[in-house]
Amino acid sequence: MYGKFLETSTGCVVGGAGPAGMGLLFNALRTGAIAEMAQYGLIIVDASATPGIGRLGDYQITANSVGDVFLDCLRDPAMAEVFAPLQESEAYWRIRNQDQQAPLLSQVGELLLEASQLVLDHIVAHYSVQLWSETLITEVICDNDEYHIWVEHRGQMQRIRSRSLVLNLGGRQDPQCLLSGLKAQGLALPPLAAIRSADSLLRMSPQALRDTFGPVVAQGGSFSVIGGSHSAFSMLENIAVALESIGLEQVNLIHRSPIRLFYENVEQAHANGYVFDPVADVCPISGRVNRSGGLRYRALAVGREVLERGFVGTTSVRARLLQVDGSDAAQMCAASEVLQHAAVVMQCTGYQPLLPLLRRGDGTAISLRQVTGGLDSDPSGCPCDDSGKRLHGLHLFGLGSGLGVDPLLGSEPSFSGRIYGVWQFHHDASRVVIDSVLQRLADFASRPAPQVHLEMEVAHGWPERLVGGDWIEAAT
Ligand SMILES: Cc1cc2nc3c(=O)[nH]c(=O)nc-3n(C[C@H](O)[C@H](O)[C@H](O)COP(=O)(O)OP(=O)(O)OC[C@H]3O[C@@H](n4cnc5c(N)ncnc54)[C@H](O)[C@@H]3O)c2cc1C
């Protein structure tokens, strides 16, 4: 099927070096686990020419966490030597100077990219970890106890055989998920309505938004944002700020769950007149209100303005909220009417994981079982296939995948989504994955090695860092 290709074997592949994949590498370096992982063989594969930040820095919005959250891992004493150059970095001091405020994600991106490059340079130089940048994972075959990871670099294919695979390639927003979600609520969109993914819109400048939607505003077309989370309120603000000057007067926000606001404690919530369920909305461990699902920082300010005044932030654009949980027939009817006449629908209803083709050794396709907000995975991010069988050795925890709430850390009972964020990537989420990968590699190392015959040839066409594998003349 693939003709002649180069093959390499390793213990672990980290596929995708965005904040999630890098979070695992930061944590492995911080805790010393990187040495053991590298002993078994560790290859990092990323599509980008400058791996380390993924999409986070592209979003033209404010973070939903304070600067301190991004600095926490960087100031660990174990990382002092690696991160020493950050003391001279403008990007670092910009975040340090707003460690108790929510910074712009573009600023977070600059810091994390610099920090990631220091970590990658260090582990490549000191632990013989291989970094394959500009290399695309195209297909993964789960064959018995091994993963066969097909990668493409400048038009050439290579296969990596690995005992474990940490796969965080980011997320996507499937319009079909939006349509079936609406259908389940008895709602539908007209065939010509443009469904736009918030993921791409949130990465656009105000001018780009005006260029894209100017003609719709001029024709009096209606805009609807679907969702009620951080992304939905960020979208509401970006679109209102960009299009107010060219005549946008109103945006509809269609949401299923109530709009949830975050408060440090119940007293603060009461003082702000916020109505919440004292059991379902309060984390029993931290006492925080809507700890996981509540709007924070800039999105919280926009959310409050919308709830209290009906306007988007400080703009003169009105926000019309319509809740479609089925409890209010008038709101359902109004939402149906709004959607029937929608010119633009902005999808802010969460993410699905971006995955390469996944197959079993016999060629049959594998689809991963999904739950609200991500994948049906165990605490180490190990997913299930559709039949409920766990794919041991495969770990996903980034955007679109997430992890279930850790009962020891707590969350509000009303939160049914998955947890992900940079702090988790640097700490709890990746810690469990590292332990699980190392346990698996140790188990295999204690078994007798299978006999494999490989034919060696010179690897023309691949850059030096990729050479070192074996040419294979077989089909998969
Ligand atoms: C709008 C928005 C705002 C957010 N704000 C915050 C916040 O304020 N604070 C916070 O902690 N979290 C935030 N998050 C959550 C999360 O931290 C980010 O989504 C983060 O970017 C997720 O990292 P990731 O590595 O999973 O995905 P990505 O950032 O998308 O990175 C994916 C990586 O995989 C690589 N890749 C993709 N396809 C392939 C392929 N086929 N082969 C090889 N490599 C590939 C890419 O080059 C990239 O490096 C936000 C998320 C969104 C959507």
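Ser164 counts as buried at 0% relative accessibility, where buried means under 20% relative accessible area, exposed over 50% and partly exposed in between, with a 1.4 Å probe and protein chains only. Ser164 belongs to strand 6; helices (H or I, at least four residues) and strands (E, at least two) are DSSP runs numbered from the N terminus. The side chain of Ser164 reaches the backbone oxygen of Gly11 at 2.9 Å. A polar contact is a pair of N or O atoms within 3.5 Å; within protein, one must be able to donate a hydrogen and the other to accept it, and residues adjacent in sequence count only if both atoms are side-chain atoms.

Neighbours within four places in sequence aside, Ser164 is in contact (heavy atoms within 4.5 Å) with Gly11, Cys12, Val13, Tyr147, Gly393, Val437, Arg440 and Leu441.

## Basis of the model

The model is predicted: local features need pLDDT of at least 70, side-chain atom pairs count only at pLDDT 80 or more, and totals for chains, interfaces and linings use all residues. Residues are numbered from 1 along each chain as its sequence is written, and side-chain values use heavy atoms, with hydrogens and water left out.

## Overall architecture

The protein chain has 15 helices and 18 strands. Its C-alpha atoms fill a box of roughly 70 × 50 × 40 Å along the principal axes.

Buried residues make up 50% of the 476 residues in the protein chain. Among contacts between residues at least 6 apart in sequence, 72% join residues at least 24 apart. The protein chain exposes about 21100 Å², of which carbon and sulfur atoms supply 51%; accessible areas come from the Shrake-Rupley method with a 1.4 Å probe, and for residues only the protein chains shown count as cover.

A polar side-chain atom of Asp46 lies 2.7 Å from an oxygen atom of the ligand, and a backbone N or O atom of Asn64 lies 2.7 Å from an oxygen atom of the ligand. The ligand taken alone exposes 980 Å², and the protein buries 91% of that. A backbone N or O atom of Ala47 lies 3.0 Å from a ligand nitrogen atom.

Of the 34 residues around the ligand, Asp46, Asn64, Ile137, Leu399 and Val422 come nearest; a residue is near a molecule or strand if one of its heavy atoms lies within 4 Å of it. Helix 1 (19–31), strand 4 (136–143) and helix 14 (422–426) each supply at least two residues of this shell. By class, the shell has 20 nonpolar, 12 polar and 2 charged residues, where Ala, Val, Leu, Ile, Met, Phe, Trp, Tyr, Cys and Pro count as nonpolar, Asp, Glu, Lys and Arg as charged, and the others, Gly among them, as polar.

## Loop residues

Arg154, in the loop between strand 5 (146–153) and strand 6 (156–167), is exposed at 63% relative accessible area. Asn290, in the loop between helix 11 (266–271) and helix 12 (297–309), is buried at 0%.

Gly170 lies in the loop between strand 6 and strand 7 (171–172) and is partly exposed at 24% relative accessibility. Not counting residues up to four places away in sequence, Gly170 touches Gln352, Pro353, Leu354 and Leu399.
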